[in-house]
Amino acid sequence: MLVVCAAVGLSGCMSSKDDKMDVMALAAETDPADVLYNQGLANLNSGRLKEASRKFDAIDRQHPYTEWARKALVMKAFTSYRSGDYEEAVTASRRYLSLYPASDDAAYAQYIIGLSYFRQIPDVTRDQKSAARAVAAMQEVVDRYPDSEYVEDAKAKIRYANDQLAGKEMQIGRYYLERREYLAAINRFKRVVDVYPRTRQVEEALARLTEAYYAMGLTQEAQASASVLGQNFPDSQWYADSYKLLQSKGLEPREGGAGSWFADATRKLVGA
């Protein structure tokens with residue numbers, strides 16, 4: 001009986017202690033909005049990201065639709081991004097944009113969406129869905145907020161993500177080429193030139209087109225592909241290899257006819 005009573009007494013003490021802790025936590029989260037916000041910033045600066053997130057959430061709950069709630073929401077998005085919780089960062093940023101589309105921090109919220117997708121881009125052998133989403137989100141920064149301080153970095157990340165997308169197309173195209181599925185390979189290499197003309201994958205794409213057409217016996221198309229490559233990348237090793245391939249049959253690069261895909265590719269790549 002003594003043991004039972006002691007256990008009951010201990011349980012009561014623990015329950016009382018837990019209740020007291022809950023009350024203290026609740027009291028800490030019902031401070032004035034400016035106090036909570038400054039506490040959140042202090043926690044963020046010291047690396048206590050979970051605590052910072054709690055403070056920003058408390059402002060949203062206790063002081064909704066205030067200026068402090070607006071500021072806390074974008075900081076919640078940033079804190080989630082810093083924590084690696086990219087899904088929550090995107091959710092908070094989108095909510096911010098829906099509530100405050102014309103605010104000064106709207107560009108930043110859109111930028112956080114782009115960063116969240118950008119940080120999830122895997123190596124080129126895997127699915128590049130995050131790369132495509134990063135491009136779309138960062139393009140929104142460029143198009144909707146052209147004067148913001150985030151534009152230049154957004155453009156740099158678009159270039160990187162596009163290179164990843166082009167690299168994935170090249171990987172698939174090489175797979176088909178190795179298996180002599182030439183038409184499927186050609187479609188992939190053409191897509192690189194058409195959709196991602198400013199990436200570093202274009203040189204190889206044109207060389208692989210030359211190779212694929214040559215293997216199919218379509219010498220005019222092979223010559224035209226090599227011509228586009230030579231006009232845009234005359235010092236490229238890929239061009240040297242393509243030229244050597246044509247020379248093995250006494251051929252040389254030759255421009256495609258007006259209105260052909262090769263003529264369009266040449267115009268698209270000039271200056272790229």
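**View 1. Residues of helices α11 and α12 meet.** A222, Q223, A226, L229 and G230 of α11 meet W238, Y239, S242 and L246 of α12; contact here means heavy atoms within 4.5 Å. Helices (H or I, at least four residues) and strands (E, at least two) are DSSP runs, numbered from the N terminus. This is a predicted model, where local features need pLDDT of at least 70, side-chain atom pairs count only at pLDDT 80 or more, and totals for chains, interfaces and linings use all residues. Residues are numbered from 1 along each chain as its sequence is written, and side-chain values use heavy atoms, with hydrogens and water left out.

**View 2. Geometry of the α11 and α12 pair.** Helix α11 spans residues 219-232 and helix α12 residues 237-247. They pack at an angle of about 150 degrees, their axes 10 Å apart. Axes are lines fitted to C-alpha atoms, for helices over the stretch in contact, and angles run from 0 to 180 degrees between N-to-C directions. α11 and α12 are therefore roughly antiparallel, a term for angles over 145 degrees. The crossing of α11 and α12 is left-handed: the near helix is turned anticlockwise from the far one by less than a right angle.

View 3. Q201 counts as buried, at 11% relative accessibility. Buried means under 20% relative accessible area (1.4 Å probe, protein chains only). Leaving aside neighbours within four places in sequence, Q201 touches D163, A166, G167, M170 and V192. A polar contact of 3.3 Å joins the side chains of Q201 and D163. Such a contact is a pair of N or O atoms within 3.5 Å; within protein, one must be able to donate a hydrogen and the other to accept it, and residues adjacent in sequence count only if both atoms are side-chain atoms. M170 is 31 residues from Q201 along the chain, yet their C-alpha atoms are separated by 7.4 Å.

**View 4. S80 in helix α4.** Helix α4 covers residues 67-83. S80 is buried, with a relative accessible area of 5%. Beyond neighbours within four places in sequence, S80 is in contact with D85, Y86, E88 and A89.

**View 5. V193 in the largest nonpolar core.** This core has 77 residues, and V193 and L206 have the most contacts inside it. Helix α6 (residues 106-118) gives the most to the core, 10 residues. A nonpolar core is a set of buried Ala, Val, Leu, Ile, Met, Phe, Trp, Tyr and Cys residues joined through side-chain atoms within 4.5 Å. Apart from neighbours within four places in sequence, V193 contacts V202, A205, L206, W261, A265, K268 and L269.

Key. Buried < 20%, exposed > 50% of the residue type's maximum accessible area, 1.4 Å probe, protein only. Parallel < 35°, antiparallel > 145°, perpendicular 65-115°, else oblique.
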